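Me: I'd like to learn how to read a structure like this one. Can you walk me through a few features?

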Amino acid sequence: MAIDRFEALADSTRRQILLALAASGLAGRTAGQLARDLGRGRPLVSYHLARLVEAGLAIAARDPADGRRRIYRAASRVTAASPGPARQGVADASQPSRRHPRTLVPPADAVLGTLADGSGAAGSRAAGTRAAGTRAAGGPQPLLGSGLPPETRARLGGFLRGHRVPAGQLLFSQEDPPSGIWFVESGAVRLYTSDADGREQTLQIARAGSSFNEVPFFDLGPEPATAQVLDDAQLMELPIARRDEILRAVPDLSTAAAASFAFRLRQAIALVEDLSFRQVAGRVARVLLQAVAPHPGVGAGSGGRLLTQREIAEMVGSSREVVARTLRQLERDGLIRVERGRIVLLDREGLAGHT
Amino acid sequence: MSLCRIPAAPTAVPPGDAQERAPRVELSVCTACGLCVMVCPAGAVGIAFAADRAWVPSIDGARCIRCFDCETACPEGAIEVPFEIVEQERTQS
Ligand code: SF4
Ligand code: SF4
């Protein structure tokens, strides 16, 4: 049962944990480190961390160096700089913070500086846990990446910066200052937005051959979504710092980008339709169908990956429990069969017609 | 809470498909409550000993029947059971 911010802060241990998280800033702390810092038992700290995450005061991310561990950070609305009591920081933060760029996650350059062209040793272990479930990307992702004329591509080449990024790493967060245009050479990147309570809505999964984040490159606005690497990725970035130079040198980039924007708009409309006009069961059915017939809308780009109920929940804007119930219902309706480690689609038309 | 059943010490499962698709346990949120050990109908959730805490659940991918019971039971949302999605034709051989 989710608890709210005030309940979360009513407990002194949780306040201590939150302060420690806020003090640790971008580095974050693991449950084990916090337990040592505070001289408390780890199960107790883990319990309180889970409550803080529920309340949207803390954020958990996979440790890029060890995919099985989680690193916790104070949510961006917890003012890390404030040395005062946590309540004060949170009270500030409960005001709309949309205009303040998040400082929680370092801008892409800071994150990636240490990773660029590295051996990726840290990530190779995480690759074992997720990337192996990935098959070649299917689906409608004819974006900037593969849609560019070869000549344009060649001229862009000099500006592109390569990054190897391990699974779990955030590239940028919603509302960060704009980063560049990204191209996925291999791996997968999840783009999502999150609300004040930490609920996440997956917008799209960008797979090999596609690009993402064209919008801020052109309107110079803040990042519209958060990008997190799902499977160890080889990425190329067209850095925004060289934007003017790039646009001068490659004038037809704008034309190519228009095609990409058109695709994005269709994708966004399909997503809005799915989310506003379909019941959860219909959305879950649409995600399942991505595996056999990639289409825009919920779950775009997820086809061919191993999925979990939580991941589907983040795509359809619901909870894991509801997704589990929905899958059981779809099975009772004879549309799918849940087997050992897989879901078999029995009736593609039936699923497509499901609302 | 006492554990009802302690399966044989978990075998070190070789990396491979079975373990790749085994339920994943996010140890940093696991509170070692033992529910997953108790509910697993396949005896696939074993107990492993960790340096910095009493024990942690350890799932044997080869024994796991992917029933989702542990994921459903875990009060911390620490367990996730991955699955693939396939269409019927491809499964009939
Ligand atoms: S999915 Fe089922 S069989 Fe597998 S570990 Fe969990 S409870 Fe046990
Ligand atoms: S049910 Fe969840 S919290 Fe409890 S021991 Fe298992 S994984 Fe850990």
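Reply: Happy to. Keep in mind that this is a predicted model.

Me: Which residues of α4(A) are buried?

Reply: Buried means under 20% relative accessible area. In α4(A) that group is A:R42, A:V45, A:S46, A:H48, A:L49, A:A50, A:R51 and A:L52.

Me: Now ligand 2. Where does it sit, and which residues come nearest?

Reply: Ligand 2 is in the largest cavity. Around it are 14 residues, and B:C30, B:C33, B:G34, B:C36 and B:C74 come nearest. Within chain B, α2 (35-39) and β3 (53-59) each give at least two residues to that shell. By type, the shell around ligand 2 has eleven nonpolar residues, two polar and one charged.

Me: Why do B:C36 and B:C74 count as buried?

Reply: Same cut-off, under 20%. B:C36 has 7% relative accessibility, so it counts as buried. B:C74 is at 16% and therefore counts as buried too.

Me: And how many disulfides are there over all chains?

Reply: A disulfide is a covalent bond between the sulfur atoms of two cysteines. To be counted, a pair of cysteine sulfur atoms must lie within 2.5 Å. By that rule, the count over all chains is zero.

How values were computed: Residues are numbered from 1 along each chain as its sequence is written. Chains are lettered from A and ligands numbered from 1 in the order in which they are written. This is a predicted model: local features need pLDDT of at least 70, side-chain atom pairs count only at pLDDT 80 or more; totals for chains, interfaces and linings use all residues. Side-chain values use heavy atoms; hydrogens and water are left out. Buried means under 20% relative accessible area, exposed over 50%, partly exposed in between (1.4 Å probe, protein chains only). Helices (H or I, at least four residues) and strands (E, at least two) are DSSP runs, numbered from the N terminus. A residue is near a molecule or strand if one of its heavy atoms lies within 4 Å of it. On a 1 Å grid over the protein atoms alone, a cavity is a set of points where a 1.4 Å probe fits but cannot get out, and a pocket is an open set with protein on both sides within 12 Å along at least five of seven lines; lining residues have an atom within 4 Å of a point. A molecule sits in a cavity or pocket if more than half of its atoms lie within 2 Å of its grid points. Ala, Val, Leu, Ile, Met, Phe, Trp, Tyr, Cys and Pro count as nonpolar, Asp, Glu, Lys and Arg as charged, and the others, Gly among them, as polar.
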